[in-house]
Amino acid sequence: MSAKILLVEDNEANRYLASFLLENSGFTVVHASDGGEALVAAQNELPDLILMDIQMPEVDGYEAARRIRAEPHLAHIPIVAVTSYAMAGDREKAVALGFVGYIEKPIVTETFVSEITRFIPGKAVTP
Amino acid sequence: MKGRRPSLRRKAGLPLLIAAMFGATAGMGGLAFYYIERRIRVIDSEALVSGDFLGLVGALVFVGLVIWSARRLQREWSAVRHREQWLATMLRSIGDGLIATDAAGRVTFLNRCAQEITGCDESAEGQPLTKVLRTLDRATRQPTENPIDNVIRESRVVILADPVLLVARDGAERSITQSAAPIRDDVGKVIGVALVVHDVTERELGDSALRASQEMFRLISDHVSDLIAVLDLEGRRLYSSRSYSRHFPGKDFYLSSAFEELHPDDLERGRALFAEMLRAGKTQRDDLRLVRPDGSILYLESEASVIRNPAGNVEKILVVSRDISERREAAELVNRELVFTETLVNSMPGIFYLYDARRKITRWNRTFETVTGYTAEEIRTLDPLAFFPKDEQPRVHDRMLQCFALGASDIEVHLLSKTGHLSPYYVTGLRLEIEGRPCMLGVGIDISARLAAEETLRATLRRLERQNIVLSEQARSPALLSGNLEDSLRAVAELAAETLGCARTSIWFYNETRTHLRCGHLFERDSRRHTMGLELAATDFPTYFDALDEERAIAADDALTDPRTREFADDYLAPLGITSMLDAPIRAGGRMVGVVCHEHIGPARIWQADEQNFAGSVADLVSLSLEVAQRRQAEDALRDAHANLEIKVENRTRDLAAANERLKELDRLKSEFLATMSHELRTPLNSIIGFTGILRQGLAGPLNEEQKKQLGMVHFSARHLLGLINDLLDLSRIESGKMELILEDFPVAEVVTEVMQSLTPLALQKGLSLETVRRDPALVLHSDRKKVFQILLNLVNNAVKFTDEGRVVLAISATTEAVEFSVKDTGIGIKPESMAHLFEAFRQVDGSARRVYEGTGLGLYLCRQLASMLSGSITAESEFGHGSRFVLTLPRRTPKSTPR
């Protein structure tokens, strides 16, 4: 059974790019386009990993991550930040909020899948 | 005695003896002459007194006697040949001792005198002479030589003139002189000696008495202070006592004229005295003066007496003078004191009188006569109490009694003159004893001036007290302190007029050009009217204005005639009846600003010093009022200004705060904009780069070579655009101080590997060799990993970019302190003139290269800024056309807070 990844990304093109790469490697991908949707999707789908964009309208990635962490049955899901918001202190802030990883945009298509695979708990890489 | 004569005759023969006697006597005569001659010399050179005459007379008598004896002897000698007995008797009776010896020195004969002198009788004949005539030296008392040995040996006469001591058989001592002559026989052979012994004891006694007398005279004359002189008949000094040299030191008086030192005024009198004395032959006395060498006067009481010689003729003059200078001076002093006292008493400004216990006035001074107006005769008859008014007499009487009882007293009393005029006097009484009787001495001084002065002083003090009270009250008055100038002037004018008791007091101020005085206030005491506003023009009263310019008070006792104020006389002073003016200048801020005028109506008034001072103080009060008023104005102005300033500061602060807020907002907006732009620019780039990556990987399907090539170009361009955006972001962060460091330990090798991996594809593509040297896997750096990577990537990327063939070498070397990254290429190099601008922003070294080598021009600038943030540095060296070498030096540990 392939791992289910929740991809939270407001930009449609980028969402499609990441989905293409992940699905191409055999992962099940569910989408959310903002923080609010991300919480709902996480509750509904219970994904194995969440890839969270930070800079989003309405509820941003940090807030969404905080809310997910606040849900007891969701708190265990690893969240990886995927962001072009590379201002000083972002990485520290992400770690402090419980993100397990931090991937900078633009993603490198050759290495993207292998990078996120190591954050999926107990799952072998099944491309 | 008679029985002895034949033996003498037997042995020597009488003629021989007589011859010998004659020789001896002649010797004695010579001796006597010698003595007389010497005595005369003594008399000539020393003082001549009566004792000398005795000596001389004695000597002459002696000589006469000797001559007479010798002649007689001579006469006798011829007779003796026939009358031996008579001669022998004569021999025996002569006054000198005569001793004859034989040739062996044995005594053959002694006459009576010799027997008396030696104490031997005729039994001594036949004995040696030395037994009979024992002589001693007078000084040493040693036996002296016997003269007869010499006589016998040398056969001549020997005379021993110096007296020796003859010790008689009975021990008595006499002074004798001796002479001895040989006795010869018929053929001239010496058969004996005739010795004549002359007793000089008596004569010596006479001599010593004379000497003692002379000594005593000299002693007396030398030690008395009297001046003693012996003059010859011409008045020349033969002798002068030592006391002369006390007054005329060093002077030789011998034969000097006794008139030489006489005071010129006394010369005539002195000569007359001398002449009279000689004429009358009697002692004369007079007071004479001598002039000492230093010009001082020596007062003498002189007594001149004649000295007569034994014949009774006047030979010399004795002058004895007593120094009476002290007596004279004392007398003169007393006289001067008397004159002084008399003058003093009469010149005393006060009165002086003396009366005795019977109240009889005996002495008084001239002032007493003047003050009382009585004549001397009247004063003598008046009772002392008569000089005082009736009502004061009991008081005076009391004091009089008190003075006689206690010795002293004093009283302030009026002296009553003959005309009835009263003068206040202060009289002190003193009891005196005069000739054993108590007297009272009264001395008094006129105290009317003192009493008047005291009254004036009391009046002045009263005024001063009042002035002080007024001034101190006014200085503290509310009118003055209020700062209201009009109130102050009103109060000052009123109090000044009241205190000085003058009719009008006015206060005037200059206008700005000092051409006018304007009346700030005028107070008229009688009507109690306060007015102001009059004006005086300098052109109308030039003298007064000039006087004011002196800046001193004008005290015009008679204002109508005083040159400074008479300009006002006709139009102003006379109509108002003003007679006296006292004007004091007002000074403020170091210059005169006006004047305070006090005007007196009525009889002309003399402004007292204290009143002038008071006027000055009033002027000071006015200037104080001015200052208070000005200060009050200034304080008000300051308070307003202060209030305005506070409002302004408040507004400004508010403006600044708002501006600051706006700036903060702008800064926030800028940061937000940057973040947004970063995001908004990157998001599409992410897609572009991502999708080209997928396509080039063939994940979306197979591509032909041309498609792959073109997608590669898209990918490269997108990457370049991303690089530009990142560089701009970094630049922005650095310049706004928002670039933060993330310091951690990391292996250098890892970063180097990442750099190599990133650039190897490009190097391969260009056919370049990309090498690393000394990749020490253990080397760890504590720094910002991402920034080290960024710098190295930039440097190596540049090297690859600007090298077309050859190789690029990244060499790492480390010390304990630092790590050095050297990036060396074999590229085009850098022109020397471009080196200076290498690390500046937006520059690419070669303008022409811009078209060949792409880049933002920010790379090296950012590298240097980042290296600096990491406490490191970047240097560059290059040989144009042959390649370049960039060296990044970083500390092993970058400190936390890094200077920018």
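# Two chains and their contacts

In chain A, residues 24 or more positions apart account for 60% of the contacts with a separation of 6 or more, a contact being two residues whose C-beta atoms, placed from the backbone, lie within 7 Å. Please keep in mind that this is a predicted model, in which local features need pLDDT of at least 70 and side-chain atom pairs count only at pLDDT 80 or more, while totals for chains, interfaces and linings use all residues. Residues are numbered from 1 along each chain as its sequence is written, and chains are lettered from A and ligands numbered from 1 in the order in which they are written.

**The chains**

- Chain A holds 5 helices and 5 strands; helices (H or I, at least four residues) and strands (E, at least two) are DSSP runs, numbered from the N terminus.
- Along the sequence, the elements of chain A follow the pattern β-α-β-α-β-α-β-α-β-α.
- Of the 127 residues in chain A, 39% are buried, that is, 20 or more other C-beta atoms lie within 10 Å of their own, with C-beta atoms placed from the backbone.
- Chain B has 25 helices and 30 strands, and 29% of its 900 residues count as buried.
- For chain B, residues 24 or more positions apart make up 54% of the contacts with a separation of 6 or more.

**Where the chains meet**

- Here 19 residues of chain B are in contact with 18 residues of chain A.
- On the side of chain B that touches chain A, helix α20 (residues 609–697) of chain B gives the most, with 14 residues.
- That side of chain B divides into 8 nonpolar, 8 polar and 3 charged residues; Ala, Val, Leu, Ile, Met, Phe, Trp, Tyr, Cys and Pro count as nonpolar, Asp, Glu, Lys and Arg as charged, and the others, Gly among them, as polar.

**Helices of chain B**

- Helix α11 (residues 325–347) of chain B has 23 residues and spans 31 Å from its first C-alpha to its last, close to the 33 Å expected at 1.5 Å a residue, where the expected span is 1.5 Å times one less than the number of residues.
- α11(B) is hardly covered, with 0 buried residues among its 23.
- The axes of helix α22 (residues 748–766) of chain B and helix α23 (residues 785–801) of chain B come within 9 Å and cross at roughly 20°, which means that α22(B) is roughly parallel to α23(B) (angles under 35 degrees).
- Residues in this contact include Leu759(B) of α22(B) and Phe789(B) of α23(B).
- The contact of α22(B) with α23(B) comprises 11 nonpolar, 2 polar and 3 charged residues.

Terms used:
Buried ≥ 20, exposed ≤ 12 C-beta atoms within 10 Å, placed from the backbone. Axes fitted to C-alpha atoms, helices over the stretch in contact; angles between N-to-C directions. Parallel < 35°, antiparallel > 145°, perpendicular 65-115°, else oblique.
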